[in-house]
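Me: Got a model open here and I'd like to talk through its side-chain contacts. Can you take my questions as they come?

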Amino acid sequence: MNNPNISSYVRLCSGNVLSMCQFKNVFLGLTPAPYPRVANSQKCIRVGGKHNDLSFAGRDSYHHTFFEMLGNWSFNDYYKRDVIFHVPYGDDSIAFVNSGMCQFKNVFLGLTPAPYPRVANSQKCVRVGGKHNDLSCAGRDSYHHTFFEMLGNWSFNDYYKRDACRMALEFLTKPPVSLPLDRLYFTYFGGSDQYGLPCDEETLDIWLELGVPRDHIKKEGMKCNFWEMGSTGPCGYSSEIHYDMKGEPSSALARVNADRNDLIEIWNIVFISHKRVMSADTIVPLSKNYIDTGLGFERLVTILQNKTSTYDTDLFLPLLETIEKVSGAKPYGLSTTKIKKLKFRGKKEVLEHAIRHARSGASIDSIQLEHNAWVGLIFDKTNLYATAGGQIDDIGVAYLTNTTQENGKVEIGELASLEGKIVHFGNVVSSFKVTPGLTSRVEVDARMRLGCMRAHTTSHLLNAALRRVLTCTYQKSCRVFSDECALDFSVYGETLSVDSVAAVEKYINDVIADQVQVDRRHMRASELPSLTHLTVIPGEIYPDDVILIDISDKENVISREPCCGTHVFNTGHIESCTVIGYKSYNHGVRSIKCLTGESSKAAVENGKQLSAAVKQLAATINQNSEQTDEETLNQQNHEIKTLRELLEDDLPYAVHKQNDHLLAELSKNVKLKLRQFAKVRITEELIEKCKEDTPYLVHYIRDDAVEIQALPPLSQISTSFQTSRVSPNISKSSTIYAIPTCPE
């Protein structure tokens with residue numbers, strides 16, 4: 001600025017929102033002007049008040065806001081800038097860092113000193129397995145991710161509940177964030193009789209004292225308000241803060257922790273005061289109290305940018321735009337909320353709508369179910385098994401009676417899990433009116449259920465048998481149907497011979513013959529590592545409460561696996577097991593298939609009949625083979641083809657392999673003899689054709705049962721003949737000789 005009439009006056013003040021702020025008192029006449037004319041350069045901050053650009057800012061502004069406010073409360077910024085951001089160092093209880101508190105675990109346990117009394121940090125978290133697993137949630141709603149960022153503030157035996165709640169409320173409701181209090185909802189821990197933990201009335205009182213309305217506070221149980229890093233270690237009561245994206249107070253409290261896109265958790269305040277001890281499955285107090293809070297960064301940005309999905313914020317849009325540019329995919333234009341509804345288009349979308357209306361208290365006078373209509377029914381409880389653990393759905397019949405004593409019947413053929421409910425899909429047998437006060441009775445198809453029970457228990461025995469036969473193996477997946485199961489497993493440098501498969505089958509049938517008891521008991525997943533002879537699937541995610549299927553005799557454990565499927569009470573109920581298939585999928589992965597019950601017995605009988613037929617045919621072919629005529633050989637060839645088709649039926653694996661080999665040898669011998677007959681016949685035919693008075697002979701010899709190798713060399717027909725060129729357009733199914741005829 002070179003104008004001599006203007007004085008350069010520059011004041012770089014980071015606290016101003018406008019360049020005029022420093023001259024406010026001059027304009028008001030409270031202070032004199034520094035110069036008649038002034039030019040300046042002003043750095044401005046607009047994160048609150050009348051001029052608030054926070055909702056339009058990017059991620060760096062939100063980080064700055066969070067740490068600046070905590071800095072006012074004597075916090076120290078603390079970051080771990082190494083591999084612990086994703087993979088924990090020296091902690092085998094978790095596969096990945098799943099929360100901000102992972103790096104402070106030893107502090108909570110009293111093993112290492114705290115870096116500071118108060119700490120604020122930002123932690124990248126991975127949740128794809130273990131206790132905190134969002135893998136199944138990602139992509140199904142607008143706010144869950146498997147990789148996300150967690151803002152946190154900590155107290156290491158410094159401040160506690162009251163200050164933690166106050167700080168969170170002030171950060172969210174005061175400038176620059178300024179969320180309306182009437183959109184916020186709070187939860188507190190309701191206690192646990194199982195672990196002797198009382199209700200957290202203290203936190204309830206704190207929220208009330210801070211001005212939170214009572215109808216914005218909800219009591220929750222262990223699932224929502226008792227936080228644990230893993231199966232063992234530090235844990236404690238928690239209090240969640242949720243934000244109502246919809247702004248409907250009448251239904252908001254019911255939507256808290258209901259997996260809704262329109263009311264989401266944004267902050268969890270954890271009072272670390274206990275630890276879980278695995279050996280006794282108990283929760284005991286720690287010597288000190290700690291605070292661990294987690295503010296979902298992506299969710300906060302979603303709210304401040306006035307979006308309905310985290311994918312619509314500037315955190316994700318640049319990534320999505322790059323994907324579109326590089327891959328040529330369609331532009332991103334739908335929020336995850338809309339995508340979810342597209343997934344349920346049709347019958348499931350209607351049911352989703354009905355469920356949500358039922359939660360909000362809506363009622364319907366009556367629904368007419370027409371004959372042959374495909375409908376979905378939801379009962380308060382059901383005895384049908386929905387697909388899980390590799391086992392298929394049950395089928396059955398639902399008998400319905402309305403208030404006017406009308407009776408209806410629905411044949412259920414498919415089940416589906418939808419928002420925590422089991423939907424029973426089926427055909428309406430006769431027209432029926434559904435009214436309030438409806439009563440129902442659901443019957444499971446016993447034959448199919450028993451078949452699945454036999455097959456599922458057999459799959460456990462199959463896994464156990466493979467471990468005894470092979471040096472190193474583990475299960476990858478399992479598929480269970482009625483009286484049929486298939487197990488995929490990995491092997492290393494080994495394969496199953498026919499004799500090995502027979503050994504597996506014999507082991508299972510021996511256990512069936514011993515009629516071993518099959519025990520089923522509920523337990524916590526944290527207890528599993530303390531069990532001996534336990535079999536688990538690598539990478540499988542088990543819930544907190546599991547069912548253990550234990551097959552043990554008086555001397556040893558045969559099989560011990562966590563499983564949610566249906567099983568027999570005694571191995572004798574399986575009746576019989578037959579291995580009917582074994583094959584390779586790709587390198588190192590094999591699949592073995594079994595039948596049980598009557599299906600197994602039928603396969604064994606089929607094998608006996610096929611073996612007898614093959615044995616009889618072999619004896620016939622080998623008897624007086626030199627005197628067999630061509631017609632008989634053709635008949636035998638047909639019988640071989642028929643028996644080879646029967647190999648496609650369910651047969652014992654060893655029987656299939658043995659008879660497949662025998663039939664291949666018989667087929668080879670019969671075809672060889674047929675070629676000899678064809679050779680003689682063709683030679684005679686060619687000689688006769690050569691006697692005809694024509695300058696050239698072009699003759700098609702067709703014989704589908706004879707390969708070209710059966711034809712004799714031309715030199716054996718006539719040494720004076722020479723083969724002429726044959727047109728390439730002639731069908732390959734014909735054997736062609738084009739030869740000049742004999743000269744006179």
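Me: Which residues form one aromatic cluster?
Reply: Phe104, Trp154, Phe156 and Tyr290 do. For rings of Phe, Tyr and Trp (its six-membered ring), a pair needs centres within 6.5 Å; planes under 30 degrees apart count as stacked, over 60 as edge-to-face and the rest as tilted.

Me: Before I go on, what am I looking at?
Reply: This is a predicted model, where local features need pLDDT of at least 70, side-chain atom pairs count only at pLDDT 80 or more, and totals for chains, interfaces and linings use all residues. Residues are numbered from 1 along each chain as its sequence is written, and side-chain values use heavy atoms, with hydrogens and water left out.

Me: What is the mean pLDDT of the protein chain?
Reply: The mean is 80, and 76% of the residues reach 70 or more; pLDDT is the predictor's confidence in each residue, from 0 to 100. Over residues 1-18 the pLDDT is below 50, though that stretch has 41 contacts in the model beyond near neighbours in sequence (contact means heavy atoms within 4.5 Å). Residues 334-358 are also below 50, with 47 such contacts. Where pLDDT is low, the predicted coordinates should not be read in detail.

Me: Back to rings. How many aromatic pairs does a search of the whole structure find?
Reply: 13. One of them is Phe171 with Trp267: the ring centres are 5.8 Å apart and the planes sit at 90°, so this pair is edge-to-face. Phe171 is in helix H4 and Trp267 in strand E10 (residues 263-277), 96 residues apart. Helices (H or I, at least four residues) and strands (E, at least two) are DSSP runs, numbered from the N terminus.

Me: Is Phe171 buried or exposed?
Reply: Buried, at 4% relative accessibility, and Trp267 is buried too, at 3%. Buried means under 20% relative accessible area, exposed over 50%, and partly exposed in between (1.4 Å probe, protein chains only).

Me: What about Phe189 and Phe226?
Reply: Their ring centres are 5.7 Å apart with planes at 50°, so the pair is tilted. Phe189 belongs to strand E6 (residues 184-189) and Phe226 to strand E8 (residues 226-228).

Me: Switching to charges, how many salt bridges are there in the whole structure?
Reply: The search finds 25; each is a side-chain nitrogen of Lys or Arg within 4 Å of a carboxyl oxygen of Asp or Glu. Arg118 and Asp158 make one of them, at 2.4 Å from N to O. Arg118 is in strand E4 (residues 118-126) and Asp158 is in the loop between strand E5 (147-156) and helix H4 (161-173), so the pair ties together parts 40 residues apart in sequence.

Me: How accessible are Arg118 and Asp158?
Reply: Arg118 is buried at 18% relative accessible area, while Asp158 is partly exposed at 38%.

Me: Which residues are linked in a network of salt bridges?
Reply: Asp244, Lys246, Glu248, Arg255, Arg260 and Asp262. Within that group, Arg255 bridges to Asp262 with the closest N and O atoms 3.2 Å apart. Arg255 counts as buried at 4%, and Asp262 does at 14%.

Me: Last one, what does Ser155 touch?
Reply: Not counting residues up to four places away in sequence, Ser155 touches Pro117, Asn289, Tyr290 and Ile291. Ser155 lies in strand E5 and is buried, with a relative accessible area of 0%.
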